[in-house]
Amino acid sequence: MSPQCCLNTKNRTGGTNIKKRGSRKLSPQQDLKIKINEDIDYREVRLVDSDGSQLGVVTATAALEVAREQGLDLVEVSDKADPPVCRIMNFDKFRYELKKKAQEAKKKQTVIETREIKFRPKTEEHDLSFKIRKIKEFLGEKNKVKVTMRFRGREIIYAQTIGLDALNKIADTLREDCVIIQEPKMEGRQLVMFVGPKA
């Protein structure tokens, strides 16, 4: 091999220049994992016409011919049936409607986040009121709230007295605005309670 040839195949860092292939884009039906037209490779299918009427069991080739005559696509709608069910339809319109339904379903979904508010055993009354307002604000946004009281060093001796009383007081203050998902309980060196928005 000539030196010139080597120069063409090696890059400046000494590695070989390899042309990367771009990621292959999936066709619409592969994206939806739906077989259409020539991809339907069954011997026989139960055919449903574009108006919903049953055309009976026919060969896949005959079904495709009927779809082509109508200027439409042959689309697999159920591969679990015996024989599989295929329908004559406009695949592009069908795909558009599926996409639209998925977008509407996504809009209706409410994402519930879990926020956390931390307290100390000796939190001042003013700070307590502020944090309770913050919890109510999170609940108003339809979020769950993890209420945590952390104990440092010897403060742990107050967990079942001052700590528990404080969290129960917070729970009583919030009961009208929320549901108590988890009553106060010890987790390591902290007392934890979960509250959520009312349905």
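Student: What covers the buried residues of H6?

Tutor: The cover includes strand E5 (114-119), helix H5 (125-140), strand E6 (144-150), strand E7 (178-187) and strand E8 (190-197). Contact means heavy atoms within 4.5 Å. Buried means under 20% relative accessible area, exposed over 50%, partly exposed in between (1.4 Å probe, protein chains only). Helices (H or I, at least four residues) and strands (E, at least two) are DSSP runs, numbered from the N terminus. The model is predicted: local features need pLDDT of at least 70, side-chain atom pairs 80 or more, while totals for chains, interfaces and linings use all residues. Residues are numbered from 1 along each chain as its sequence is written, and side-chain values use heavy atoms, without hydrogens and water.

Student: Which residues of H6 are buried?

Tutor: Ala-159, Gly-163, Ala-166, Leu-167, Ile-170, Ala-171 and Leu-174.

Student: Why are H5 and H6 called oblique?

Tutor: Their angle is about 45 degrees, with axes 11 Å apart. Axes are lines fitted to C-alpha atoms, for helices over the stretch in contact, and angles run from 0 to 180 degrees between N-to-C directions. Under 35 degrees is roughly parallel, over 145 roughly antiparallel, 65 to 115 roughly perpendicular, the rest oblique. H5 and H6 are therefore oblique.

Student: Which residues of H5 and H6 meet?

Tutor: Glu-125, Leu-128, Ile-132, Ile-135 and Lys-136 in H5 meet Lys-169, Ile-170, Thr-173 and Leu-174 in H6.
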